[in-house]
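Hi,

Here is the structure I promised to pass on.

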Amino acid sequence: MKFTLSWLREHLDTDASLDRITTTLSAIGIEVEGVEDRGAALASFRIARVIEAVQHPNADRLRALRVDLGDGREYSVVCGAPNARTGMVGVAALPGAFIPGTGITLKVGEIRGVKSEAMMLSAREMGLGDDHSGIVDLPADAPVGTRYVDYAGLDDPIIEIKVTPNRGDALSVRGIARDLAAAGLGTLKPWDVAPVAATYPAPLQWRIEDSRACIWVLGRAVRGVKNGPSPKWLQDRLTAIGLRPINALVDVTNYFTYAYGRPLHVFDVKKVAGTTLSMRMARPGEELLALNGKTYALTEEDGVIADANGPEALGGVIGGEHSGCDEATTECFIECALFDPVRIALSGRRHDVRTDARQRFERGIDQALLPKALEAATQMIMELCGGEASEVSEAGAEPKWRRQATLRFARIRELGGLELPAEEAERRLTALGFSTVSRDAASITVSVPPWRNDIAGHGALAQDVSLPADRARKAAEGCAEIEPECDLVEEVLRLGGLDAVPSVSLPLASALPRPALTPKQARAALARRVLASRGMQDCVTYGFLARETAALFGETPDVLRLENPIASDLDQMRPTPVASLAMAAARNAARGFGDVALAEIGGAYRADAQLAVAAGVRAGLTAPNWAAPARAVDWLDAKGDALAVLAALGVPMAAVQVTADAPRFYHPGRSGVLRQGPKVVLATFGELHPKIRAALDIPGAAVGFEVFLDAIPEPKKRKKGVPDLPTFQPVRRDFAFLADAATSAEALLRAARGAEKALIADVVLFDRYAGDKLPEGKVSLAIQVTLQPRERTLTDAEIEAVAQKIVAAVGKATGATLRG
Amino acid sequence: MSDDLQALRAETEAALAAAADLRALDAVRVGVLGKSGSLSGLLKGLGQVPAEQRKERGAALNRLKAEVEALLEARRTALEAEALDARLKAERVDVSLPPRPSAPGTAAEGGIHPISRTIEELTALFGAMGFRVVEGPDIESDWHNFGALNIPDHHPARQDHDTFYMPGTDPNGHRRVLRTQTSPLQIRTMLAEEPPIRIIAPGRTYRADHDATHSPMFHQVEGLVIDRGITLGHLKGCLVDFLRGFFGIADLPVRFRSSYFPFTEPSMEVDIGWNRKTGELGGGGDWLEILGSGMVHPKVLANCGLDPREWQGFAFGMGIERITMLKHGMPDLRPFYEADLRWLKHYASDPLAAASLHEGI
């Protein structure tokens with residue numbers, strides 16, 4: 001909301017500077033968004049009269065002027081403006097003045113032998129628009145010597161504020177003045193209104209057909225009005241705050257909206273069908289052609305103001321085009337009503353109408369102001385448009401707004417952290433319009449003014465349905481007791497500014513804090529660092545993507561499809577972060593960076609759960625280096641990433657098994673699943689399916705993995721046992737097996753390990769060969785077995801016996817035979 | 001369709017069915033639609049057809065040509081899929097093979113995203129003040145996201161949130177939304193555990209807003225302290241301690257302005273000092289809004305079953321991207337989520353240097 005400083009001063013008696021006013025507003029909760037001080041740059045410019053303008057003796061295009069600035073002397077001025085003429089009144093600047101339009105500070109000069117002691121200004125030179133056709137030409141009666149900003153009404157800074165949703169009362173100049181007065185910046189000027197005598201019966205009657213549509217309404221006609229443009233001061237004021245002057249009657253309603261936070265509407269009596277205006281709910285099929293030119297299809301949840309023809313206004317939100325006042329109006333009917341804030345909010349949202357009236361009604365207006373506001377509006381209309389006033393028509397009744405709240409002074413310290421004398425707390429509340437009902441040394445009970453709907457209100461709780469009944473009841477009782485006091489503590493605190501509250505560091509709960517992360521959270525952080533230390537870039541990508549893309553990577557259940565996506569390519573929660581990273585790899589490739597290693601710790605979404613996943617995608621080639629030439633990334637890299645995460649997170653690696661049933665987005669032959677036992681899926685890895693690479697436009701190789709962090713069990717906290725440090729040297733033996741190409745290396749290794757557990761300490765695969773030296777469909781797998789004797793050195797015969805066992809176990813498990 | 005055309009069609013269909021690979025398929029195509037293909041021949045011969053039959057014959061031929069082309073395309077798709085399947089089958093590897101001994105990249109090439117880094121720093125700083133980290137789901141009920149936080153359905157604040165809605169309702173009949181703030185973690189924590197409570201909740205949040213300074217997904221961190229005897233003074237102290245620690249400026253000016261949030265009372269906005277012209281934090285005489293905070297509203301406590309006569313505390317929330325951008329002088333929000341390798345490498349932090357107070361953050 002905008003207002004001007006002079007408008008504020010009409011309500012606030014203060015000598016505070018503009019700067020102090022804006023600083024205070026921001027401190028007490030009315031944030032100043034901007035100040036437009038149009039006059040500051042023009043302050044030194046004065047109105048001047050050209051005593052005489054003659055041709056410059058030495059220049060064809062210049063004139064020599066003698067100018068009167070009202071200070072009793074004459075100035076010689078050289079001027080190039082074609083319109084400079086004897087007797088004209090304009091605006092002059094004296095040496096030392098900064099000219100905003102040119103960016104130059106004026107100096108005394110001499111132009112071709114004629115002295116120039118001042119400058120006559122164009123509109124553009126003053127920074128007031130683009131007109132540079134000549135110097136400013138003011139009416140002949142403009143007062144010479146006066147500051148131009150005063151004459152033009154530009155010396156009135158415009159202040160723009162952001163009012164929080166709880167403060168309907170601060171959406172008015174008077175409400176702002178009241179807050180500033182309470183904050184110690186002056187006094188609120190009285191606003192007295194004398195009743196206007198009625199001379200004839202009201203031509204229209206109110207009827208509240210449905211109490212949902214309206215709580216209380218007053219109305220009054222003024223006949224014999226002459227409607228037309230409103231006076232300049234009113235037009236200037238509305239224009240300054242961004243409103244368009246319409247005509248005097250409509251301008252009065254807008255003026256009341258901003259001055260008092262009291263929206264009004266005026267009907268043209270002649271245009272109203274019948275003699276009754278009904279407050280009722282809209283009927284099916286009814287429409288309203290509103291003042292903004294739009295037609296709204298009303299619902300049975302919308303409250304309307306209707307005449308015999310149907311809806312004439314969406315009550316409290318927007319008036320109708322048909323029955324509004326125009327220049328031909330001779331009798332108007334002023335509507336001054338009170339609506340239910342919730343209904344206004346919902347109606348306004350339903351039809352997406354944002355008006356000044358809605359903004360105020362939905363936040364709550366002064367519930368008792370109606371009679372006074374109607375008298376004041378009647379008076380103002382008669383002053384501007386003449387006419388005589390009818391009797392007042394009324395329906396409904398003033399609501400029960402009176403309520404009390406109690407503040408224990410100690411709570412200012414206990415909740416607000418501020419030591420404040422009780423007297424000052426009471427003064428602040430009184431200045432805000434609260435009146436003392438009772439007061440003792442420890443507490444004060446006040447009645448709440450009718451414009452503060454946010455204090456000690458009756459908003460319902462929304463308690464958790466699973467709370468035990470007595471716990472819920474006790475909490476609700478506590479809330480009813482504490483909330484109004486909390487409201488008052490806030491009022492008292494904010495008026496002094498919160499910088500007054502001393503900062504106190506949080507007391508330590510214990511000298512050494514517990515870990516901030518749970519073991520599971522710490523695992524996620526570790527996973528991120530493990531992947532980054534393997535050359536991957538940690539990424540953060542959107543949780544949603546295009547449904548078709550999501551479908552390439554997994555299920556796309558309807559419950560994970562956004563109802564109102566911001567774009568059609570962001571409409572489905574992703575089944576795996578691999579999808580987002582694969583898209584990112586494609587984007588990077590399109591920019592010329594096809595070799596990427598991207599990782600993300602993020603959500604994978606299921607119909608019934610959100611999984612925490614450490615995912616990664618590698619694409620293109622590894623980094624080129626003389627010692628390790630670049631090669632295309634492959635599924636082994638992805639498996640290595642997944643295993644590195646699992647190992648770092650404490651998964652016992654001996655128990656991890658691999659199966660070849662990875663999700664569909666992987667190449668079916670070059671992908672796997674890492675499991676702990678048959679059921680627990682720890683991770684998946686593999687080459688991305690060629691169809692996905694084609695669909696996303698990933699030009700080179702692309703592999704990925706996902707580690708399911710929720711599935712990883714918490715590592716056992718057992719102390720480690722004593723290490724096994726035998727004194728005898730280990731013996732190593734190599735074996736090469738000829739196996740079917742489909743044989744799993746893991747199965748072979750496991751069989752070898754199990755052949756003689758007491759002696760075999762380790763088995764590793766050190767060679768795998770498939771090629772033309774072997775029979776078709778066969779592969780050679782070479783393993784190194786470490787035997788660890790514990791009691792004595794092994795004899796050749798013992799070693800041979802173990803070797804036999806190994807060959808037999810491997811043969812039994814895989815069908816492989818020792819290569820000759 | 002005349003008999004000869006029907007016969008041609010049947011022949012072609014049979015030939016296509018018999019075509020076992022793409023090469024055979026192409027042979028069929030050439031035989032029918034090629035320069036001297038059977039159908040091409042018939043089309044060429046159209047000039048010899050008597051004038052009165054020409055139109056009908058021409059139409060029939062063109063229809064047949066379209067049909068044949070469709071059959072060819074369908075068969076091509078099928079054969080390509082078969083070829084891919086065969087290729088994939090042939091490419092089967094032994095996935096049980098152990099990976100290579102060294103990673104394809106090193107820590108020097110990798111990096112931690114600035115958002116992850118900021119969350120680590122938040123964790124270190126607030127952790128030292130006794131806070132724990134809590135997390136919650138991105139898809140929330142509107143009760144957790146709004147109702148329990150004293151934002152009823154008609155509240156003007158709801159309109160400002162540009163909420164994304166998901167289909168359906170939760171078991172309590174509440175609408176499902178993508179959380180617009182991390183504040184639901186206040187509710188989840190108060191319901192899950194008894195005070196005293198000190199938590200922060202960093203996480204993803206969503207709002208239907210997309211321009212130079214807004215992203216439909218972004219991150220917030222929520223803070224909540226519930227205890228006996230916690231005052232607004234503690235809130236101020238906690239935030240001043242955090243802000244000076246996070247930005248590494250021991251005398252960073254911090255200003256508190258009264259404000260309004262439905263879930264706190266009293267509420268305040270917090271500004272830090274900076275220089276609007278240079279963007280430098282600290283001196284400069286200008287103020288920059290950085291976070292919202294306040295004493296937890298009695299209604300929010302009561303909604304979670306806590307008696308406001310017994311318990312009170314404070315809450316705060318701030319944008320993680322915002323404090324990250326300010327700390328590192330980053331001009332643009334949008335690249336945070338684009339995973340552009342160049343940007344990531346420029347702003348990433350070293351994975352081997354985790355944020356910790358003893359090493360300095």
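A quick word on terms before the notes: helices (at least four residues) and strands (at least two) are DSSP runs, numbered from the N terminus. Also, please keep in mind that this is a predicted model.

Let's start with chain B. By that count, chain B holds 12 helices and 10 strands. Its radius of gyration comes out at 34 Å, whereas the globule rule gives 21 Å for 361 residues, so chain B is more spread out than a compact globule. The C-alpha trace of chain B spans about 105 × 55 × 50 Å along its principal axes. As for burial, 47% of the 361 residues of chain B count as buried. If you take the contacts in chain B between residues at least 6 apart in sequence, 65% of them join residues at least 24 apart.

Next, where the two chains meet. Chain A puts 110 residues into the contact and chain B puts in 102. On the chain B side, helix H9 (residues 232-247) gives the most, with eight residues. Sorted by class, that side of chain B has 55 nonpolar, 26 polar and 21 charged residues.

Chain A has its own H9, at residues 370-385. This helix of 16 residues reaches 22 Å from its first C-alpha to its last, close to the 22 Å expected at 1.5 Å a residue. Its buried residues include A:Leu370, A:Leu374, A:Met380, A:Ile381 and A:Cys385. What do the buried residues of H9(A) pack against? They sit against helix H6 (248-260) and strands S17 (216-223), S25 (331-338) and S26 (388-396) of chain A.

Cheers

Key:
Residues numbered from 1 in each chain as written. Chains lettered and ligands numbered in written order. Predicted model: local features only at pLDDT ≥ 70, side-chain atom pairs only at ≥ 80, totals over all residues. Contact = placed C-beta atoms within 7 Å. Nonpolar A, V, L, I, M, F, W, Y, C, P; charged D, E, K, R; others polar. Expected span 1.5 Å × (residues − 1). Buried ≥ 20, exposed ≤ 12 C-beta atoms within 10 Å, placed from the backbone. Rg over C-alpha atoms; globule rule 2.2 N^0.38 Å.
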